[in-house]
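Here is a briefing on one structure. It covers cavities first, then a sheet and a loop residue.

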Amino acid sequence: MIKRENIYIRDPFVVPAYEEKKYYLFGTTDINCWNNEKATGFDYYITSDLENFEGPFVAFRPDKSFIWDKNFWAPEIHEYNGKFYMFATFITDGRNRGTQILVSEKITGPYIPWSIEPVTPNDWMCLDGTLFIDEAGEPWIVFCHEWVQIYDGEICAARLSKDLRSTISEPITLFRASDAKWTRSIKIINNHECYVTDGPFVYKSSNGELYMIWSSFIENNVYAVGVAYSKSGNIVGPWVNKEIPIFSNDGGHGMIFKTFEGKLTLAIHAPNKRGKERPLFLQIDESTLDCKNFYRKL
């Protein structure tokens with residue numbers, strides 16, 4: 001068994017398997033996930049109490065036909081129409097970073113490529129795609145148009161085909177990083193302030209409110225998690241960001257899940273320092289979804 005505090009992982013994504021009473025923890029597991037380092041793949045861990053874990057186990061290893069070879073980031077696992085789909089970010093020399101979709105018959109994998117190309121625009125630098133199913137049962141990808149290309153990062157959405165192999169609409173910009181009052185520029189490039197968008201995750205509350213958590217930076221380049229809500233209750237918004245982040249202690253790239261006891265829980269990595277990232281689980285209060293009371297430690 002491995003203790004939670006000893007697991008290296010970024011961008012944690014938890015899939016509860018209710019029949020097994022086990023949680024599957026996926027995320028960015030390559031310690032060499034940056035810059036021009038050669039990627040290895042994605043691993044996962046299994047736990048029943050979110051503190052003691054088995055693993056790592058292999059979820060994905062690319063074969064020779066897989067063109068992407070760097071920056072294997074932020075895998076998310078979504079069950080959809082009886083199969084398990086991995087949304088993950090990749091890059092290679094001569095291509096822009098993007099989210100591609102992989103598939104498996106089992107939650108444990110192995111995952112193999114499903115979408116022929118990235119489902120984010122080929123001429124955009126993109127990352128952190130997540131799946132959202134609207135009230136009509138139509139699938140969408142919500143993703144980040146990256147600050148490295150446009151300076152002020154954006155959260156965007158596009159409709160996916162029913163089989164999740166491609167997008168079937170042009171992307172819509174939901175909001176920009178600088179729209180949130182709590183975000184701060186991380187640097188200035190070409191006289192442009194640079195604002196980051198990372199890790200969007202869409203959550204529909206039991207009373208029908210549509211929320212999105214996402215990550216960026218506050219003062220002194222400290223990583224944080226903010227929350228936005230859709231005024232219309234649907235994915236196209238308009239989206240309004242709450243004024244202060246819900247977590248501001250150098251952690252982020254979160255997602256929301258329910259424990260087997262019914263506790264609504266936020267999963268993030270913290271701290272946001274290379275090589276030191278660990279999974280952290282925080283209970284959240286759906287009844288308030290207020291910045292001051294949104295989370296407390298389990």
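**Cavities, sheet and loop**

The structure holds three cavities of 30 Å³ or more. This is a predicted model: local features need pLDDT of at least 70, side-chain atom pairs count only at pLDDT 80 or more, and totals for chains, interfaces and linings use all residues. Residues are numbered from 1 along each chain as its sequence is written, and side-chain values use heavy atoms, with hydrogens and water left out.

**Largest cavity**

- A cavity is a set of points, on a 1 Å grid over the protein atoms alone, where a 1.4 Å probe fits but cannot get out.
- The largest cavity has a volume of about 50 Å³, a volume being the space filled by probe spheres set on the points.
- Its lining residues (an atom within 4 Å of a point) include W68, R95, R97 and W124.
- The lining divides into four nonpolar, four polar and two charged residues. Asp, Glu, Lys and Arg count as charged; Ala, Val, Leu, Ile, Met, Phe, Trp, Tyr, Cys and Pro as nonpolar; the others, Gly among them, as polar.

**Sheet**

- Four strands form an open sheet in the order β16-β17-β18-β19, with antiparallel pairing. Strands are DSSP runs (E, at least two residues), and two of them pair if DSSP finds at least two bridges between them.
- β16 (198-204) and β19 (239-241) stand at the edges, each with a single partner strand, so one side of each lacks a neighbour in the sheet.
- Five bridges join β16 to β17 (residues 210-218). D198 stands opposite S215 in β17.

**Loop residue N220**

- N220 lies in the loop between β17 and β18 (222-230).
- N220 is exposed, at 76% relative accessible area; exposed means over 50% (1.4 Å probe, protein chains only).
- The C-alpha atoms of N220 and Q283 are separated by 27 Å.

Methods: 1 Å grid on protein atoms, 1.4 Å probe; cavity = no way out; pocket = protein on both sides within 12 Å on 5 of 7 lines; lining within 4 Å. Buried < 20%, exposed > 50% of the residue type's maximum accessible area, 1.4 Å probe, protein only.
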